[in-house]
Amino acid sequence: MNVVQLTAREFRLLTYFIEHKGAALSRDELLDAVWGYDSSVMTRTVDVHVGILRQKLEDHPRKPRYILTVHGLGYKFAG
């Protein structure tokens, strides 16, 4: 078993993904639920953090198996 170091925010994001496994989650929903941001704020924060999680969790981050992109919406956890 590999130990992965996560920041508090990465842990909250991963936890939210796991709690909503299989559901397509919009960037706005993730910003609101994990960061507490108003969804009208334009930011790449979610995308950057998902990229970091993929680097830490996926065997092949460019071909993810766990955190999948839902084009035009956001992401879903397929864990």
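Visitor: Let's begin with salt bridges. How many are there by the rule used here?
Guide: The count comes to three salt bridges. Keep in mind that this is a predicted model.

Visitor: Which residue does glutamate 10 form a salt bridge with?
Guide: Its partner is lysine 56. The closest N and O atoms are 2.7 Å apart. Glutamate 10 sits in helix H1, residues 8-19, and lysine 56 sits in helix H3, so the pair ties together parts that are 46 residues apart in sequence.

Visitor: Is glutamate 10 buried or exposed?
Guide: Glutamate 10 is buried, because its relative accessible area is 5% and the cut-off for buried is under 20%.

Visitor: And lysine 56, what's its relative accessible area?
Guide: Lysine 56 has 33%, so this residue counts as partly exposed.

Visitor: OK, next pair. What does arginine 27 meet in a salt bridge?
Guide: The side chain of aspartate 47, at 2.8 Å from N to O. This pair also links distant parts of the chain. Arginine 27 is in helix H2 and aspartate 47 is in helix H3, 20 residues apart.

Visitor: How accessible are those two, arginine 27 and aspartate 47?
Guide: Arginine 27 is partly exposed, at 26% relative accessibility. Aspartate 47 is buried, with a relative accessible area of 11%.

Visitor: Switching to strands. What order do they take in the sheet?
Guide: The order is S1-S3-S2. The three strands form an open sheet, and their pairing is antiparallel. S1 and S2 are the edge strands, because each pairs on one side only.

Visitor: How are strands held together in general?
Guide: Strands of a sheet pair through backbone hydrogen bonds, either parallel or antiparallel.

Visitor: How many bridges join S1 to S3?
Guide: Two bridges. S1 covers residues 25-26, and S3 covers residues 74-77.

Visitor: And S2 to S3?
Guide: Four bridges join those strands. S2 spans residues 67-70.

Visitor: What stands opposite leucine 25?
Guide: Tyrosine 75 in S3. Tyrosine 75 is also the bridge partner of threonine 69.

Visitor: How many residues lie between S2 and S3 in their hairpin?
Guide: Three residues. Glycine 72 is in that turn, and has a positive phi of about 80 degrees.

Visitor: Last topic, the surface. Which residues form the negative patch?
Guide: Asp28, Glu29, Asp32 and Asp38.

Visitor: Where is aspartate 38 found?
Guide: Aspartate 38 is in the loop between helix H2, residues 27-35, and helix H3, residues 45-57. At 48% relative accessibility, aspartate 38 counts as partly exposed.

Note on methods
Residues are numbered from 1 along each chain as its sequence is written. This is a predicted model: local features need pLDDT of at least 70, side-chain atom pairs count only at pLDDT 80 or more; totals for chains, interfaces and linings use all residues. Side-chain values use heavy atoms; hydrogens and water are left out. Patches are made of residues with over 30% relative accessible area and no salt bridge: like charges are joined within 9 Å, nonpolar side chains (Val, Leu, Ile, Met, Phe, Trp, Tyr) within 5 Å. Accessible areas come from the Shrake-Rupley method with a 1.4 Å probe; for residues, only the protein chains shown count as cover. A salt bridge is a side-chain nitrogen of Lys or Arg within 4 Å of a carboxyl oxygen of Asp or Glu. Lys and Arg count as positive and Asp and Glu as negative; His and the chain ends are not counted. The place of a charge is taken as NZ of Lys, CZ of Arg, CG of Asp or CD of Glu. Buried means under 20% relative accessible area, exposed over 50%, partly exposed in between (1.4 Å probe, protein chains only).
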